[in-house]
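The structure comes first, and the explanation follows.

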Amino acid sequence: MTAIDDSIGSARSHGPSVQDLLAADSREVPLSLRDSSYVPQGKVDVPKIRYTSAEFAALENEYMWTKTWQMACTVDELAQVGDHVVYDVADQSVIVVRTRDGSIKAYHNSCLHRGTKLRTEDGRVASFRCPFHGWRWDLDGNLTELPAEWDFPQVWQQPDSCLPQAQVAEWCGFVFVNLDPEATPFNEVASKLVEHFDRDFRMENRYKAFHAVKEVPANWKVCMEAFAEGYHVIATHPQILEFAGDANSEYSIWPESPFVTRFVNGFGIQSPHLGNLTEQQVADAYLEFSARSTRGSVAVPDGKSAREVVAEVFRSFMGPMFGVDLSTASDSEMLDAHLYHLFPAFAPWAGIGQSLVYRWRPGPTPDTCFMDVIRMMPVPDGQQRPQPAPIQRLRLEQSWHEAEGMGGLASVFEQDMENLPKVQLGLKMTAKRAAKGLKFGLYQEARMRLIHRHIDDTIIEGLTADGRSLDAVEPYLVPEG
Ligand code: FES
Ligand SMILES: [Fe+2]
């Protein structure tokens, strides 16, 4: 990270900080939540053209999506030998498969003969047979059948007839892939994520209860950034201001693990934009919105906070619903939104009340993208792991309401979705005149500045490694400062 004036982004909203809330928690709080950090990310405008240019999208596709760690599927989806998932990103595709020795491998999904995509759908197979001329590879990627092999002596039984592999990492019930054979290992890139989740937010006892992916009419960065700050709550989700600490959210950037960041939004407190509500009013508003209590209003006794009371209601409701004991779970884990982000586009929530995972991928043009929403639910104590939920695919014109099992989340998501095509259109209108670009907040939107710099760094590294000039990326780079 470049050296930037330390005072940039040092101002904070009034109202209790997330660390204040943790200090008042009725239970012991996971150490990871106390681990917060901030590194200034400068104050320059970020060029709008990065979101709209096909040329820049092509650079991202060539150098960023092919050299970063991305979540391809859950381990549960590869339960049996031959189970495979096709992970498509940008113009790349890999087959992630459970092999006979129990390991997981990932192959470039392209026939070595004339390039045909070998698998277009997930499923279970004994081998991969190309639909065009019938070349066949076993689950370990060895070429085992080649019709008329007499005509292909340069291929048949030659060492380079195996399917090229991508790197694979298994972590926390997920399978990650990286197309770059030289890439830094996952655990190093994701070190803060690994440290926090392995210690405090283990997901092995969770299963994929819901998964929907939707094509969204905006650049992948526009969509991702719409879920990366609490700043938009006042205008986009005003219905939650009575019980959401939006402006006093916490944003973490750790210098020792720059590819992982975190956003924590406290719930069960009123927004600093309000400030005149009683603890009882905050609790009432939260319980009414969440519909998690059938008891209606719950009295907040003198000296207790709305957070403490609502967290207890959630424990008593969710414990039996999930079939797990939540008596020692902190108020923060019950109430707050703790959204981690691993560059470029994997975002798991920690905590218990919120157990979502997001993923973003670019669409066929810079003006669309795909967003996945996954819900990881606890496996009820003493029960077998349920099967992972199948993926529901929503087209551009469909709404999140059409995803079965999305629940009340769909309404909030639709509020976010309404903004996105307007953002994309506005960026396109002004991108060419956009010497000035986007004006991200210095603290609340600092993570976005960091992510943009990572994108630039990856592209510059890729161009340099290929011996290409940097002229292609120059007009798009985020300036220094
Ligand atoms: S393209 Fe795959 S066998 Fe010919
Ligand atoms: Fe939102």
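Helices (H or I, at least four residues) and strands (E, at least two) are DSSP runs, numbered from the N terminus. The expected span of a helix is 1.5 Å times one less than its number of residues. The model is predicted, so local features need pLDDT of at least 70, side-chain atom pairs count only at pLDDT 80 or more, and totals for chains, interfaces and linings use all residues. Residues are numbered from 1 along each chain as its sequence is written, while chains are lettered from A and ligands numbered from 1 in the order in which they are written.

Start with helix α8, residues 279–290. Its 12 residues reach 16 Å from the first C-alpha to the last, close to the 16 Å expected. A residue is buried if 20 or more other C-beta atoms, placed from the backbone, lie within 10 Å of its own, exposed if 12 or fewer, and partly exposed in between. In α8 the buried residues are Glu279, Val282, Ala283, Asp284, Ala285, Tyr286 and Leu287. An α-helix has 3.6 residues a turn, so residues three or four places apart point the same way. The cover over the buried residues of α8 includes β13 (260–267) and α9 (306–322). After α8 comes Ala291, with a positive phi near 50°.

The axes of α8 and α9, lines fitted to C-alpha atoms over the stretch in contact with angles from 0 to 180 degrees between N-to-C directions, come within 9 Å and cross at roughly 30°. Angles under 35 degrees count as roughly parallel, over 145 as roughly antiparallel, 65 to 115 as roughly perpendicular and the rest as oblique; α8 and α9 are therefore roughly parallel to each other. Two residues are in contact if their C-beta atoms, placed from the backbone, lie within 7 Å. On the α8 side, Glu279, Val282, Ala283, Tyr286 and Leu287 meet Ala306, Val309, Val310 and Val313 of α9.

Gln157 lies in the loop between β8 (143–145) and β9 (165–171), and counts as exposed because it has 11 C-beta neighbours inside 10 Å. Cys172 sits in the loop between β9 and β10 (174–178), and counts as buried because it has 21 such neighbours inside 10 Å.

Another backbone detail is the cis peptide bond from Phe343 to Pro344, with omega near 5°. Pro344 is in the loop between β14 (337–342) and β15 (346–350).
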